[in-house]
Amino acid sequence: MNNEEKFTREKVLWVKQHSPKHLSFAITRPNSFRFSAGQFARLGFIQGQGYIWRAYSMTSAEYAETLEFFVILIEDGAISKYFANIQAGDEILLDKTAQGFFLPERFVDGQDLIMLCTGSGIAPFLSILQQPEIWQRFNTLALAHSVSYQNDLVFNDFIANLQNHPLVGNDFHKLRFVPITTREQDASHLHFRLPESLKNGTLSKAFDLPFTREQSRFMLCGNPTMVQDTFQALLSQGFSMHRNKLPGQILMENGF
Ligand SMILES: Cc1cc2nc3c(=O)[nH]c(=O)nc-3n(C[C@H](O)[C@H](O)[C@H](O)COP(=O)(O)OP(=O)(O)OC[C@H]3O[C@@H](n4cnc5c(N)ncnc54)[C@H](O)[C@@H]3O)c2cc1C
Ligand SMILES: NC(=O)c1ccc[n+]([C@@H]2O[C@H](COP(=O)([O-])OP(=O)(O)OC[C@H]3O[C@@H](n4cnc5c(N)ncnc54)[C@H](OP(=O)(O)O)[C@@H]3O)[C@@H](O)[C@H]2O)c1
(Lines give C-alpha, C1' and ligand atoms only; values in the text may rest on other atoms or scores of the structure.)
(Ligands and ions follow the chains in the order given, each with its own letter.)
Protein backbone atom coordinates (compact mmCIF):
# COMPACT_ATOMS: atom_id res chain seq x y z
CA MET A 1 0.00 0.00 0.00
CA ASN A 2 1.46 3.41 -0.81
CA ASN A 3 1.29 6.35 1.59
CA GLU A 4 -1.45 8.14 -0.40
CA GLU A 5 -3.85 5.31 0.43
CA LYS A 6 -3.20 5.57 4.15
CA PHE A 7 -4.05 9.24 4.61
CA THR A 8 -6.35 11.99 3.38
CA ARG A 9 -5.50 15.64 2.79
CA GLU A 10 -7.58 17.92 5.01
CA LYS A 11 -7.97 21.70 5.32
CA VAL A 12 -7.34 23.74 8.45
CA LEU A 13 -10.60 25.62 9.14
CA TRP A 14 -9.56 27.85 12.05
CA VAL A 15 -6.74 28.27 14.54
CA LYS A 16 -7.13 29.65 18.05
CA GLN A 17 -3.91 30.69 19.76
CA HIS A 18 -4.49 30.45 23.54
CA SER A 19 -0.95 31.57 24.44
CA PRO A 20 2.41 31.64 22.65
CA LYS A 21 2.77 27.87 23.20
CA HIS A 22 -0.83 26.60 23.23
CA LEU A 23 -3.16 26.37 20.27
CA SER A 24 -6.36 24.70 19.20
CA PHE A 25 -7.43 24.18 15.60
CA ALA A 26 -10.08 22.46 13.52
CA ILE A 27 -9.71 20.53 10.28
CA THR A 28 -12.21 19.15 7.81
CA ARG A 29 -13.47 15.67 8.68
CA PRO A 30 -13.85 13.11 5.91
CA ASN A 31 -17.15 11.18 6.10
CA SER A 32 -15.19 7.97 6.39
CA PHE A 33 -13.18 9.08 9.48
CA ARG A 34 -14.72 7.42 12.56
CA PHE A 35 -13.41 7.56 16.13
CA SER A 36 -14.44 7.01 19.73
CA ALA A 37 -13.94 9.78 22.30
CA GLY A 38 -10.52 9.16 23.88
CA GLN A 39 -8.80 8.06 20.66
CA PHE A 40 -6.07 9.87 18.77
CA ALA A 41 -5.31 10.62 15.14
CA ARG A 42 -1.97 10.76 13.38
CA LEU A 43 -1.47 14.17 11.81
CA GLY A 44 1.26 14.90 9.32
CA PHE A 45 2.96 17.37 7.06
CA ILE A 46 5.03 16.90 3.93
CA GLN A 47 8.70 17.33 4.89
CA GLY A 48 11.13 17.49 2.00
CA GLN A 49 10.79 14.23 0.07
CA GLY A 50 9.01 12.52 2.98
CA TYR A 51 6.50 13.12 5.75
CA ILE A 52 6.44 13.94 9.45
CA TRP A 53 3.74 12.30 11.59
CA ARG A 54 2.72 12.66 15.26
CA ALA A 55 -0.17 11.47 17.44
CA TYR A 56 -2.84 13.98 18.57
CA SER A 57 -5.96 13.21 20.57
CA MET A 58 -9.24 14.50 19.17
CA THR A 59 -10.71 17.16 21.49
CA SER A 60 -13.98 17.41 19.55
CA ALA A 61 -17.00 15.14 20.01
CA GLU A 62 -17.54 11.91 18.12
CA TYR A 63 -20.59 13.48 16.47
CA ALA A 64 -18.94 16.81 15.47
CA GLU A 65 -18.67 17.71 11.77
CA THR A 66 -15.05 18.82 12.12
CA LEU A 67 -12.03 17.41 13.97
CA GLU A 68 -10.51 19.60 16.67
CA PHE A 69 -7.11 19.29 18.33
CA PHE A 70 -5.09 20.98 21.07
CA VAL A 71 -1.34 21.34 20.64
CA ILE A 72 1.39 22.38 23.02
CA LEU A 73 4.28 23.77 20.98
CA ILE A 74 7.60 22.25 22.01
CA GLU A 75 10.69 24.39 21.64
CA ASP A 76 12.71 22.96 18.72
CA GLY A 77 10.15 20.14 18.39
CA ALA A 78 10.18 18.65 14.90
CA ILE A 79 6.42 18.95 14.18
CA SER A 80 5.89 21.94 16.51
CA LYS A 81 7.70 24.07 13.92
CA TYR A 82 4.89 23.33 11.45
CA PHE A 83 2.10 23.93 13.98
CA ALA A 84 3.67 27.23 15.05
CA ASN A 85 2.78 28.66 11.64
CA ILE A 86 -0.48 26.95 10.69
CA GLN A 87 -3.31 29.08 9.40
CA ALA A 88 -6.85 28.58 8.12
CA GLY A 89 -6.68 27.21 4.58
CA ASP A 90 -3.47 25.22 5.09
CA GLU A 91 -3.34 21.53 4.21
CA ILE A 92 -2.73 18.89 6.86
CA LEU A 93 -2.43 15.13 6.41
CA LEU A 94 -4.76 12.85 8.38
CA ASP A 95 -4.09 9.12 8.75
CA LYS A 96 -7.33 7.37 7.78
CA THR A 97 -7.48 5.28 10.95
CA ALA A 98 -8.08 6.62 14.47
CA GLN A 99 -6.18 4.72 17.14
CA GLY A 100 -6.14 3.95 20.85
CA PHE A 101 -7.86 2.05 23.63
CA PHE A 102 -8.18 4.92 26.11
CA LEU A 103 -11.95 4.56 26.18
CA PRO A 104 -14.17 5.03 29.25
CA GLU A 105 -16.73 2.56 27.90
CA ARG A 106 -14.17 -0.18 28.55
CA PHE A 107 -15.16 0.11 32.23
CA VAL A 108 -18.22 -2.05 32.48
CA ASP A 109 -18.92 -1.17 36.12
CA GLY A 110 -17.95 1.46 38.69
CA GLN A 111 -19.72 4.71 39.56
CA ASP A 112 -17.12 7.48 39.51
CA LEU A 113 -14.92 8.30 36.52
CA ILE A 114 -11.74 9.98 37.78
CA MET A 115 -9.73 11.65 35.01
CA LEU A 116 -6.18 12.68 35.94
CA CYS A 117 -4.06 14.60 33.45
CA THR A 118 -1.13 16.93 32.95
CA GLY A 119 -0.57 19.46 30.17
CA SER A 120 -1.89 18.34 26.78
CA GLY A 121 -3.10 15.12 28.45
CA ILE A 122 -6.41 16.93 28.95
CA ALA A 123 -7.12 16.58 25.20
CA PRO A 124 -8.90 13.18 25.19
CA PHE A 125 -11.02 14.22 28.20
CA LEU A 126 -12.37 17.25 26.30
CA SER A 127 -13.86 14.84 23.78
CA ILE A 128 -14.99 12.33 26.41
CA LEU A 129 -16.79 15.09 28.38
CA GLN A 130 -18.91 15.90 25.31
CA GLN A 131 -20.31 12.35 25.16
CA PRO A 132 -23.82 12.23 26.67
CA GLU A 133 -23.39 8.53 27.63
CA ILE A 134 -20.62 9.46 30.08
CA TRP A 135 -22.86 11.88 31.94
CA GLN A 136 -25.64 9.30 32.16
CA ARG A 137 -23.42 6.32 32.95
CA PHE A 138 -21.40 7.73 35.90
CA ASN A 139 -22.54 9.33 39.17
CA THR A 140 -19.46 11.55 39.33
CA LEU A 141 -17.05 12.85 36.70
CA ALA A 142 -13.92 14.06 38.51
CA LEU A 143 -11.28 15.84 36.42
CA ALA A 144 -7.92 17.06 37.73
CA HIS A 145 -5.68 19.01 35.33
CA SER A 146 -2.12 19.67 36.48
CA VAL A 147 -0.02 22.29 34.69
CA SER A 148 3.04 24.26 35.70
CA TYR A 149 1.65 27.81 35.37
CA GLN A 150 -1.79 29.47 35.43
CA ASN A 151 -1.43 30.47 31.76
CA ASP A 152 -1.27 26.75 30.87
CA LEU A 153 -4.87 26.28 32.12
CA VAL A 154 -6.53 27.15 28.84
CA PHE A 155 -9.68 25.01 29.14
CA ASN A 156 -11.22 26.27 32.39
CA ASP A 157 -13.87 28.25 30.45
CA PHE A 158 -14.62 25.33 28.16
CA ILE A 159 -15.23 23.14 31.20
CA ALA A 160 -17.41 25.74 32.93
CA ASN A 161 -19.42 26.15 29.71
CA LEU A 162 -20.30 22.44 29.62
CA GLN A 163 -23.23 23.43 31.83
CA ASN A 164 -24.75 25.05 28.71
CA HIS A 165 -24.03 22.03 26.48
CA PRO A 166 -27.39 20.68 25.21
CA LEU A 167 -26.31 17.06 25.81
CA VAL A 168 -25.00 17.69 29.36
CA GLY A 169 -27.69 19.95 30.75
CA ASN A 170 -29.01 18.86 34.13
CA ASP A 171 -26.16 16.42 34.71
CA PHE A 172 -23.53 19.17 35.01
CA HIS A 173 -23.66 18.90 38.82
CA LYS A 174 -21.87 15.52 38.45
CA LEU A 175 -18.64 17.27 37.43
CA ARG A 176 -15.91 18.01 39.97
CA PHE A 177 -13.05 19.95 38.38
CA VAL A 178 -9.74 20.50 40.16
CA PRO A 179 -7.24 22.71 38.28
CA ILE A 180 -3.72 22.46 39.69
CA THR A 181 -0.69 24.72 39.17
CA THR A 182 2.62 23.24 40.29
CA ARG A 183 5.01 26.18 39.83
CA GLU A 184 2.80 29.13 40.70
CA GLN A 185 0.96 29.75 43.95
CA ASP A 186 -2.37 31.57 43.97
CA ALA A 187 -5.65 31.38 45.85
CA SER A 188 -7.83 29.92 43.08
CA HIS A 189 -5.84 26.75 42.31
CA LEU A 190 -4.35 23.85 44.20
CA HIS A 191 -0.61 23.22 44.04
CA PHE A 192 0.20 19.52 44.43
CA ARG A 193 1.62 16.85 42.12
CA LEU A 194 -0.84 14.08 41.27
CA PRO A 195 1.05 10.96 42.49
CA GLU A 196 1.82 12.50 45.91
CA SER A 197 -1.74 13.81 46.22
CA LEU A 198 -3.03 10.26 45.82
CA LYS A 199 -0.63 8.93 48.43
CA ASN A 200 -1.41 11.56 51.06
CA GLY A 201 -5.16 11.79 50.42
CA THR A 202 -5.14 15.42 49.17
CA LEU A 203 -6.72 14.55 45.83
CA SER A 204 -9.59 12.59 47.34
CA LYS A 205 -10.17 15.55 49.68
CA ALA A 206 -10.01 18.08 46.82
CA PHE A 207 -12.67 16.12 44.91
CA ASP A 208 -14.59 15.44 48.12
CA LEU A 209 -14.78 11.87 46.87
CA PRO A 210 -13.57 8.64 48.48
CA PHE A 211 -11.64 6.33 46.15
CA THR A 212 -12.69 2.67 46.35
CA ARG A 213 -12.20 -0.39 44.15
CA GLU A 214 -15.96 -0.81 43.84
CA GLN A 215 -16.76 2.76 42.80
CA SER A 216 -13.69 4.44 41.31
CA ARG A 217 -12.46 4.11 37.73
CA PHE A 218 -9.28 6.04 36.89
CA MET A 219 -8.07 7.32 33.53
CA LEU A 220 -4.52 8.78 33.44
CA CYS A 221 -3.08 10.80 30.56
CA GLY A 222 -0.14 13.15 30.13
CA ASN A 223 3.51 13.36 31.06
CA PRO A 224 4.79 9.75 30.95
CA THR A 225 6.55 10.08 34.32
CA MET A 226 3.32 11.35 35.90
CA VAL A 227 1.39 8.47 34.34
CA GLN A 228 3.91 5.95 35.62
CA ASP A 229 4.18 7.47 39.13
CA THR A 230 0.41 7.84 39.45
CA PHE A 231 -0.09 4.26 38.29
CA GLN A 232 2.36 3.07 40.95
CA ALA A 233 0.58 5.13 43.62
CA LEU A 234 -2.75 3.55 42.63
CA LEU A 235 -1.25 0.04 42.57
CA SER A 236 0.04 0.53 46.11
CA GLN A 237 -3.51 1.42 47.17
CA GLY A 238 -4.92 -1.85 45.84
CA PHE A 239 -6.17 -0.69 42.43
CA SER A 240 -5.16 -2.56 39.28
CA MET A 241 -4.82 -2.06 35.54
CA HIS A 242 -8.03 -2.65 33.61
CA ARG A 243 -7.85 -5.36 30.97
CA ASN A 244 -10.84 -6.61 29.04
CA LYS A 245 -10.31 -10.16 30.29
CA LEU A 246 -9.27 -9.10 33.78
CA PRO A 247 -11.29 -6.05 34.86
CA GLY A 248 -9.53 -3.46 37.01
CA GLN A 249 -9.84 0.23 37.77
CA ILE A 250 -7.08 1.97 35.78
CA LEU A 251 -6.67 2.96 32.13
CA MET A 252 -3.68 5.02 31.07
CA GLU A 253 -2.11 6.68 28.08
CA ASN A 254 1.26 8.40 27.76
CA GLY A 255 0.71 11.89 26.35
CA PHE A 256 4.06 11.85 24.51
C1 LIG B 1 -1.15 8.89 22.09
C2 LIG B 1 -0.59 10.28 22.01
C3 LIG B 1 -1.45 11.38 21.96
C4 LIG B 1 -0.93 12.67 21.91
N5 LIG B 1 -1.80 13.73 21.90
C6 LIG B 1 -1.30 15.00 21.92
C7 LIG B 1 -2.19 16.12 21.97
O8 LIG B 1 -3.41 15.99 21.95
N9 LIG B 1 -1.62 17.36 22.01
C10 LIG B 1 -0.24 17.54 22.02
O11 LIG B 1 0.22 18.69 22.09
N12 LIG B 1 0.60 16.49 21.96
C13 LIG B 1 0.10 15.24 21.89
N14 LIG B 1 0.96 14.18 21.80
C15 LIG B 1 2.41 14.48 21.63
C16 LIG B 1 2.66 14.73 20.13
O17 LIG B 1 2.49 13.52 19.43
C18 LIG B 1 4.07 15.24 19.86
O19 LIG B 1 5.02 14.41 20.49
C20 LIG B 1 4.29 16.65 20.37
O21 LIG B 1 3.41 17.56 19.77
C22 LIG B 1 5.71 17.15 20.10
O23 LIG B 1 6.10 16.88 18.80
P24 LIG B 1 7.41 17.56 18.22
O25 LIG B 1 7.76 16.84 16.95
O26 LIG B 1 7.22 19.04 18.09
O27 LIG B 1 8.51 17.33 19.32
P28 LIG B 1 9.29 15.99 19.62
O29 LIG B 1 10.63 16.13 18.99
O30 LIG B 1 8.45 14.80 19.21
O31 LIG B 1 9.35 16.02 21.22
C32 LIG B 1 10.37 16.64 21.94
C33 LIG B 1 10.19 16.40 23.43
O34 LIG B 1 9.13 17.23 23.91
C35 LIG B 1 8.44 16.60 24.98
N36 LIG B 1 7.00 16.57 24.62
C37 LIG B 1 6.44 16.05 23.51
N38 LIG B 1 5.11 16.24 23.49
C39 LIG B 1 4.83 16.91 24.62
C40 LIG B 1 3.61 17.42 25.19
N41 LIG B 1 2.42 17.26 24.56
N42 LIG B 1 3.67 18.06 26.37
C43 LIG B 1 4.85 18.21 27.01
N44 LIG B 1 6.03 17.78 26.54
C45 LIG B 1 6.01 17.13 25.37
C46 LIG B 1 9.05 15.22 25.13
O47 LIG B 1 9.98 15.29 26.21
C48 LIG B 1 9.75 14.98 23.82
O49 LIG B 1 10.81 14.11 23.95
C50 LIG B 1 0.46 12.88 21.85
C51 LIG B 1 1.33 11.77 21.87
C52 LIG B 1 0.82 10.50 21.96
C53 LIG B 1 1.76 9.34 21.98
N1 LIG C 1 5.52 24.89 31.31
C2 LIG C 1 6.42 25.78 30.91
O3 LIG C 1 6.22 26.96 31.07
C4 LIG C 1 7.69 25.33 30.24
C5 LIG C 1 8.83 26.11 30.29
C6 LIG C 1 9.94 25.66 29.58
C7 LIG C 1 9.92 24.51 28.86
N8 LIG C 1 8.81 23.75 28.85
C9 LIG C 1 8.78 22.53 28.06
O10 LIG C 1 7.65 22.59 27.22
C11 LIG C 1 7.05 21.32 27.13
C12 LIG C 1 5.63 21.33 27.64
O13 LIG C 1 5.59 21.69 29.01
P14 LIG C 1 4.32 21.48 29.92
O15 LIG C 1 4.54 22.26 31.18
O16 LIG C 1 3.09 21.73 29.16
O17 LIG C 1 4.35 19.92 30.23
P18 LIG C 1 5.01 19.10 31.41
O19 LIG C 1 6.44 19.49 31.56
O20 LIG C 1 4.69 17.68 31.14
O21 LIG C 1 4.23 19.59 32.77
C22 LIG C 1 2.81 19.53 32.89
C23 LIG C 1 2.44 19.18 34.32
O24 LIG C 1 2.87 17.87 34.63
C25 LIG C 1 3.52 17.87 35.89
N26 LIG C 1 4.44 16.73 36.00
C27 LIG C 1 5.54 16.48 35.26
N28 LIG C 1 6.11 15.31 35.67
C29 LIG C 1 5.34 14.84 36.69
C30 LIG C 1 5.40 13.70 37.54
N31 LIG C 1 6.35 12.77 37.43
N32 LIG C 1 4.46 13.56 38.50
C33 LIG C 1 3.49 14.48 38.63
N34 LIG C 1 3.37 15.58 37.87
C35 LIG C 1 4.30 15.76 36.91
C36 LIG C 1 4.20 19.21 35.92
O37 LIG C 1 4.59 19.47 37.26
P38 LIG C 1 5.92 20.34 37.54
O39 LIG C 1 5.63 21.75 37.12
O40 LIG C 1 6.08 20.17 39.01
O41 LIG C 1 7.04 19.72 36.74
C42 LIG C 1 3.09 20.09 35.38
O43 LIG C 1 2.15 20.36 36.40
C44 LIG C 1 7.97 20.38 27.90
O45 LIG C 1 8.90 19.84 27.00
C46 LIG C 1 8.63 21.29 28.89
O47 LIG C 1 9.87 20.77 29.33
C48 LIG C 1 7.70 24.16 29.54
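**Contacts and setting of ligand 1**

Modeller: An oxygen atom of ligand 1 lies 2.7 Å from a polar backbone atom of Ala55. The model is a predicted one.

Colleague: What makes the pair at Ala55 a polar contact?

Modeller: The cut-off is 3.5 Å between N or O atoms. The Ala55 pair, at 2.7 Å, falls within that limit, so it counts as a polar contact.

Colleague: How far is an oxygen atom of ligand 1 from the side chain of Arg54?

Modeller: An N or O atom of that Arg54 side chain is 2.9 Å from the ligand oxygen, so this pair also meets the 3.5 Å limit.

Colleague: Which atoms of Gly255 and ligand 1 make a pair?

Modeller: A backbone N or O atom of Gly255 and a nitrogen atom of ligand 1 are 3.0 Å apart.

Colleague: Why is ligand 1 said to lie between domain 1 and domain 2?

Modeller: Because both domain 1 (3-95) and domain 2 (104-254) contribute residues to its shell. That shell holds 19 residues, with Ala55, Tyr56, Ile79, Ser80 and Ser120 the closest.

Colleague: Which strands each supply at least two residues of the shell?

Modeller: β4 (50-57), β5 (66-72) and β11 (250-254) do. β4 gives the most, four residues.

Colleague: What is the make-up of the shell by class?

Modeller: 11 residues are nonpolar, six polar and two charged.

Colleague: Where does ligand 1 sit?

Modeller: In the largest pocket.

Conventions. Residues are numbered from 1 along each chain as its sequence is written. Chains are lettered from A and ligands numbered from 1 in the order in which they are written. This is a predicted model: local features need pLDDT of at least 70, side-chain atom pairs count only at pLDDT 80 or more; totals for chains, interfaces and linings use all residues. Side-chain values use heavy atoms; hydrogens and water are left out. A residue is near a molecule or strand if one of its heavy atoms lies within 4 Å of it. A polar contact is a pair of N or O atoms within 3.5 Å; within protein, one must be able to donate a hydrogen and the other to accept it, and residues adjacent in sequence count only if both atoms are side-chain atoms. On a 1 Å grid over the protein atoms alone, a cavity is a set of points where a 1.4 Å probe fits but cannot get out, and a pocket is an open set with protein on both sides within 12 Å along at least five of seven lines; lining residues have an atom within 4 Å of a point. A molecule sits in a cavity or pocket if more than half of its atoms lie within 2 Å of its grid points. Ala, Val, Leu, Ile, Met, Phe, Trp, Tyr, Cys and Pro count as nonpolar, Asp, Glu, Lys and Arg as charged, and the others, Gly among them, as polar. Domain bounds come from an automatic or database domain assignment.
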